[in-house]
Amino acid sequence: MAAPPGRVLVDLDGDVLANCARFLGARDVASLAMACRPLRAAAYCDAVWYRLFRERWPFQHLPRGALGLRELYIHRHTEVHQMKFADPISAIYYPNPAVVTPSHLMLDRNYIWLSQGPMARRLRVDCPEIELVETYRSHSARITCMRLFPLIDTPLFRGDSQTNEKALVTSSADRTVRVCWKGHSRCFKGHSGPVTALSDKLLGDGEFKILASGGEDCTVRLWSMSLRGKNHPLISTFHGHEKTLSLLSVAWHKPSLLVSCSKDSKVKVWDTKAPPSSGSSSCVGSTHLGTNGAPIAVKCHDSLCYIAAGSEVTAIDLRTMKKASVLALRDHRILSCEMLPSEWLICTGIKDKALLWDIRMLQEPPNTVAELHSDDRVTFLHLDPYKVITGAPSDGQVHVWETRTGHLVNTLSCGEPAKSVGISTLSAMAVDGCRIAMVGSSLELDMVHYRDFLMSSIPISLPGNSKEVSKFWGAQQYSDDEDDNDDDDNEEQDYEHVWLVE
């Protein structure tokens, strides 16, 4: 007797597929839509996006006369991440004025991490309050670098209940590296001078992870992050640089390769899987940037490594160690740089503006996508698919620009509106999706100002830029009484590229 013909997922009724899609998150639904036409039709169902919209924004009214709910969700998601609103949830924290101004600011879920001299602090955001949760006083000198890594990849991990936790890793001028989590700490000693750099990711793609550090002793050191290396964490020491290490980055295409940059603009690539006794023979590539400035930013993507130094951003092919391209700003020294190679974008901050570049269009001379003007040196930058955020130390505020158009969409002050005159300096900035934290400083006090735009509803209106106000989220247009129509018949239309970055 012949076996019955097999059935596949797309053989199910469209209503059944749509019902299954209702149990997925937004990013999974977006992935489902790229599989095939039947699954795309299920993923575009209004019932699916109505649930996603209500889960994300339970109190947000649906606009009257809107298009499909998927388009509505994408539009809302985009504008929230572009911070195009005037009413974010806000919280302010005043650090101890007797300690140095906070720096090395980081955001992790509802926590803010910052350093003050030799101390690291963790703040919990519970708007409108910010509460000091922990203070780490492990170092005896200034903290030079901070990173957050999954706790499960560190020697402090103890059980499944900690799977989603992050561990803090700090380097210091006291020649040590510390791994900290909730009162627990592990110290790595071995450098003979101040530690100046930590790798942006952990090396290795298996169970055992490795941390890399570099210092003023011109060495790169590898540290075991497993419990097996508890008593002897130092794995290898790489020699070859002649100046202080400034940046360390893990290769994107091969996570056992480490890129190191020193202040004399020399770049080396190390094979961290080489035998520990091989020393300098672990170096598998070397080049010189040929610029007159120290590297200030590095980003690896595919087999390329982008390095900003002096007045140039150089792309190096890590397979050949040859320069793939050079973005030269000629007479302008780069003060800050953010890179988004997956979207072919680089943003450079110079003395009076930030320049946004499409690295697919590099010419001689290169053309900018947008010029983002500033009243002072742009030393603070953030770049993601939705927005560019620029900040100058003397401004006491940051500017938010659309990535695609370069239009100014918001300006955010470091201080409270009633006291913003007293805040004169922007000292640090951290951005995570639709959240931003800034440190403002004055002669009288320091302030950490946190904003979350996720639940915002009042569109921002900038002077002379009223056309930027959202037509979907304007006042007096909210109603839940009307259902939106979903045009499922037009399957041949072009579907835009959508980012659903949480």
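Modeller: Here are some notes on helix packing, cores, backbone and salt bridges.

Biologist: What kind of model is this, and which pLDDT limits apply?

Modeller: This is a predicted model, where local features need pLDDT of at least 70, side-chain atom pairs count only at pLDDT 80 or more, and totals for chains, interfaces and linings use all residues. Residues are numbered from 1 along each chain as its sequence is written, and side-chain values use heavy atoms, with hydrogens and water left out.

Biologist: Start with helix α4. Which of its residues are buried?

Modeller: Helix α4 covers residues 46-56, and its buried residues are D46, V48, W49, R51, L52, F53 and R54. Buried means under 20% relative accessible area, exposed means over 50%, and partly exposed is in between (1.4 Å probe, protein chains only). Helices (H or I, at least four residues) and strands (E, at least two) are DSSP runs, numbered from the N terminus.

Biologist: Now the largest nonpolar core. Which members touch the most others?

Modeller: That core has 37 residues, and M83, I389, V398, L412, M429, I436 and M438 touch the most other members. A nonpolar core is a set of buried Ala, Val, Leu, Ile, Met, Phe, Trp, Tyr and Cys residues joined through side-chain atoms within 4.5 Å. Another core, of 17 residues, lies apart from it; L151, F157, A167 and F188 are among its members.

Biologist: Back to I389. What does I389 touch?

Modeller: Leaving out residues up to four places away in sequence, I389 touches M83, F380, L381, H382, V398, H399, V400, M429, V431 and I436.

Biologist: Switching to backbone. Which peptide bond is cis?

Modeller: The bond from C127 to P128 is cis, with omega near 10 degrees. P128 sits in the loop between β4 (119-126) and β5 (129-136). Most peptide bonds are trans, and most residues other than glycine have a negative phi.

Biologist: What is phi for R175, and where does R175 sit?

Modeller: R175 is not glycine, yet its phi is positive, near 80 degrees. R175 is in the loop between β7 (166-172) and β8 (176-181). R175 is partly exposed, at 45% relative accessible area.

Biologist: And W344, what is its phi?

Modeller: Also positive: the phi of W344 is near 65 degrees. W344 is in the loop between β22 (336-340) and β23 (345-349). W344 is partly exposed, with a relative accessible area of 39%.

Biologist: On to charges. How many salt bridges are there?

Modeller: The count is 16. A salt bridge is a side-chain nitrogen of Lys or Arg within 4 Å of a carboxyl oxygen of Asp or Glu.

Biologist: How far apart are the closest N and O atoms of K182 and E165?

Modeller: They are 4.0 Å apart, in a salt bridge. This pair links distant parts of the chain, 17 residues apart: K182 is in the loop between β8 and β9 (184-189), and E165 is in the loop between β6 (143-150) and β7. K182 is partly exposed at 39%, whereas E165 is buried at 18% relative accessible area.

Biologist: What about D358 and R360, buried or exposed?

Modeller: D358 is buried, at 9% relative accessibility, and R360 is exposed, at 54%. Their closest N and O atoms are 2.9 Å apart, in a salt bridge.

Biologist: And K387 with D384, buried or exposed?

Modeller: K387 and D384 are both buried. They form a salt bridge with closest N and O atoms 2.6 Å apart.

Key:
Contact = heavy atoms within 4.5 Å.
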